[in-house]
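Hello,

Here is the structure I promised to pass on. Please open it first, then read my notes below.

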Amino acid sequence: MMRAVCSTTALAVAISLAGCGDPDATSRGRTSVSVQLNWVPEPEFGGFWQAELDGVFADAGLDVELIAGGPSVPSAQLIASGKVPFGIVSGGELLSINERGGSLVALFATFQGDPTAIMVHEASPWKTLEELWRSDATVACEANLPFVTFLNRKYGGENLKLVAHSTALANFVNDPTLAKQCFVFAEPVTLELQNVPVRVFPVLESGFNPYTAVLVTTREHLAANPETCRAMVMALRRGWDGYLADPTKANAAMAKLNPAMSVEAMNLAAKKQRFLVEDETTRSHAVGWMTGERWNTLAEQMNSLGKLEQIPDEIEAIFWQPPVDDGPMAPALEDSATS
Amino acid sequence: MALRGLCRTFSGDPPVEALRSIDLDLAPGSFTALIGPSGCGKTTVLRILAGLDEASSGGFEFEPSRTPRIGYCFQEPRLLPWRRIDANVALPLELEGMPREERRRRAGSAIERVELGGFAAAMPATLSGGMRMRAAVARALVAEPQLLLLDEPFGALDEVTRYRLDEMLHDLWRRDRFTALLVTHSIPEAVFLAERVVVLSPRPGRIIGEVVVDLAERTPQVRATDEFAHLVQRVYRLLLEAMGDGA
Amino acid sequence: MRRAVPRIAVAAPPIAVVAATVLLWWLAVRTFEIPEYLLPTPGAVLEAVWVERDRLAWGMLATAIGASGGFAIAAALGIAIGSILGLSRFLERGFYPLTLLLQMVPLVALAPILVVWLGYGQRAVIASAAIVALFPVIANTLGGMRSVDRDLEELFSLHRAGLASRWWRLRLPASLPSIVTGLRIAAGLAVIGAIVGEFVSAYAGDRAPLGMVIVSAMREYRTDLMFGAIGLAAIVGFALFGIVNFGGWLLLRRWHASARSSSD
């Protein structure tokens, strides 16, 4: 319930953390940018808060405003139309909106493993996702998302009843027969702390694993402000390094802005999400690293599901990331060419 | 039917004494007219008899002691605008729970008697004032009342229509012989219809006197006779006396 | 002798305005190169409606059923409550503020709670529609009851009519023009209430109601389908309104002046 209240007023809530570290910030002439998040402050955005607390944004010459989102906030459209320079979307959203006139470019993929999952009550009869999907259960999820079509394709799902995905947990708690879409490390953690045991089925185990919580900007913005974009990505990488090492301070800051999740829950969630943020790719490159191969896989999967009409010919054009060791944090004067 | 010491005071600031000690005997089948200046409480007498108002003191009794069936004609037709004339006329019977066939029959005959024959299916809005008043009379008579109370029913109509309706009322009374009590402002009307014209004083209303109307026949032509004119004069004088008497 | 205004002259102005609006819309999208995820062209909307016609037809049916159910409940309950409140000033003063509350509570906030109470599916949709449509029926019924001709009330008192008889034979027919006005308003509101309810409580799928289609399309950035569904929702609203209007005309045509001038 509280979550719902938070997220529906989200668009109006602008969290400016400027001046947190350095009172003379504005006089130093930092670049002001805003980032439209697609949910309320949670461990999935931990890197941002860590970067702010550690002064990483300041070092990079950035004055960052983090705008909380929610289920009713059209973050992708806000970013694509240029209302905000940066924002967070899911991988599938980027491809969809680009097909409808948008020109988003991915800069940083927070999750190498998609945290999307379906949770059911511990006492319910389904032991696997396939079992659930073949039954006649009621599942609260965003039915139009590609993963739902993917699961329908794979497991059938004719008898399944899909209903609206809301932020409130009340329905799920009151109804032991309900299944609900969630993030593996978020809602289940909150419920465990409330003594409501659940069983979680991660969707990626079925073979659909898009990049999630992807930082994007528009092609136009990237072309006009390459230094800013580079600085943002570098700062975010450092922020995530710090958050993975110790998330407690950032979680304290976020918990103040999100009454629906306690600090305790956030700390637990941060621990649980590590394995989705870090893997061999990030260890050999950097946090948030993306490959053309995975973007291609996503495009092909969405195309075969009927969610994407055409696979982009030049997959390299939809993402851009500065090389791992790209020099000092301050923006370079010349245009650093697209990678 | 008799009224004994009937009094009515309306509460207020200051209280209004409308009627003071009215004593009146109504023989069964008689036609009595009540006449008097405005505000003398004559309408109040009717309303008390009909049960629409209560006497402050005194009362009335009926013989035999059962309450008679009462018909009432208001100053306005008071027809339900969404019902046809026949449904309007049948309303009292409907409220009594009479079955439809019987209702229809009785209403039909009442409508014929007030000479609204072809208009049973018409809506009130399509009828003239006079015709609507006829329908109201039909409705008052449809339940075959023993006592018919009439509160200046034709006052809003033009002179000629008024004559015709008075004649109609007279014919109806002659045939059915209900007891009638008519309140009116029109002396000629009172003389034409009533056997007895009772005159009230200005507020608080008391009975000042009465004129017995002993006309041999009450045809339309009787209005033009000297006898009629004399009767009108006598009532008029009584009325003047009443008005000069107290304020 | 004036000739009756030909039908075409009556229909021409609104048609012209609609056509002009569509043309401006199309021009705007072309001139400003508005991307599809923000605003589709009229052509794209029509195409989406055609391509998804099966899904949208089912959607219209589902929404129409939900809205009609809610409307029927609002009509029955509203007339009953309005009649009861009309019986005494005491009752009216006591309970009218509560009914005002109905109008004030934002449905968007109430709808999720309805789902918790009533479960997913049509029940919550019908409840949403009924809640939104209820107040105008109560208010108009009460207004009608309060303005019944006192002379006619007295006529019924003369005949010692009981309460039920009085209500059925006098007060209800006398209030009918007011009630019909209230019902006209309620019809449109019922559709809105149904759509909002569908946002949160409907089942997704090929037979999903329009509210669910709108929300799904929005999330997929399929603005063409979204606008198409919204347009069809408006048509459902018009249809329900039209039926109520026609019903009102049937009931009132014989005696009430307002019914004679075809109001819309």
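Residues are numbered from 1 along each chain as its sequence is written, while chains are lettered from A and ligands numbered from 1 in the order in which they are written.

α15(A) has 13 residues. From first C-alpha to last, α15(A) reaches 18 Å, close to the 18 Å expected at 1.5 Å a residue. That expected span is 1.5 Å times one less than the number of residues. What covers its buried residues? Just after α15(A), A:Gly306 takes a positive phi of about 85°.

Now chain A as a whole. Chain A holds 15 helices and 11 strands. Helices (H or I, at least four residues) and strands (E, at least two) are DSSP runs, numbered from the N terminus. Of the 339 residues in chain A, 52% are buried. Among contacts in chain A with a separation of 6 or more, 80% are between residues 24 or more positions apart. Two residues are in contact if their C-beta atoms, placed from the backbone, lie within 7 Å.

Chain A has two domains: domain 1 (2-112 + 210-318) and domain 2 (116-206). Such bounds come from an automatic or database domain assignment. The C-alpha centres of the two domains of chain A lie 25 Å apart. Between them, 19 residues of domain 1 are in contact with 15 residues of domain 2. On the domain 1 side, α1 (2-8), α13 (263-277) and α15 (292-304) of chain A each supply at least two residues. The largest share of that side, 6 residues, comes from α13(A). The side divides into 9 nonpolar, 5 polar and 5 charged residues. Here Ala, Val, Leu, Ile, Met, Phe, Trp, Tyr, Cys and Pro count as nonpolar, Asp, Glu, Lys and Arg as charged, and the others, Gly among them, as polar.

Chain B is also divided, into domain 1 (2-68 + 146-244) and domain 2 (79-144). Their C-alpha centres lie 25 Å apart. The contact joins 10 residues of domain 1 of chain B to 11 residues of domain 2 of chain B. Which helix gives the most to the domain 1 side? That is α6(B), with 5 residues. By class, this side has 9 nonpolar, 1 polar and no charged residues.

One residue of chain B to look up is B:Arg162, in helix α6 (residues 159-176). B:Arg162 is partly exposed, with 19 other C-beta atoms within 10 Å. Not counting residues up to four places away in sequence, B:Arg162 touches B:Phe154 and B:Leu157.

Next, the chains together. Of the 2 pairs of chains in contact, chains A and C share the most contacts. Chain A and chain B do not touch; their nearest C-alpha atoms are 50 Å apart. Chain B and chain C meet through 12 residues from each. The chain B side has 10 nonpolar, no polar and 2 charged residues.

Last, confidence. The model scores ipTM 0.89 and pTM 0.81. pLDDT is the predictor's confidence in each residue, from 0 to 100. Chain C has a mean pLDDT of 89, and 94% of its residues reach 70 or more. Over residues 258-264 of chain C, pLDDT stays under 50. Where pLDDT is low, the predicted coordinates should not be read in detail.

Best wishes

Notes:
This is a predicted model: local features need pLDDT of at least 70, side-chain atom pairs count only at pLDDT 80 or more; totals for chains, interfaces and linings use all residues. A residue is buried if 20 or more other C-beta atoms lie within 10 Å of its own, exposed if 12 or fewer, and partly exposed in between; C-beta atoms are placed from the backbone.
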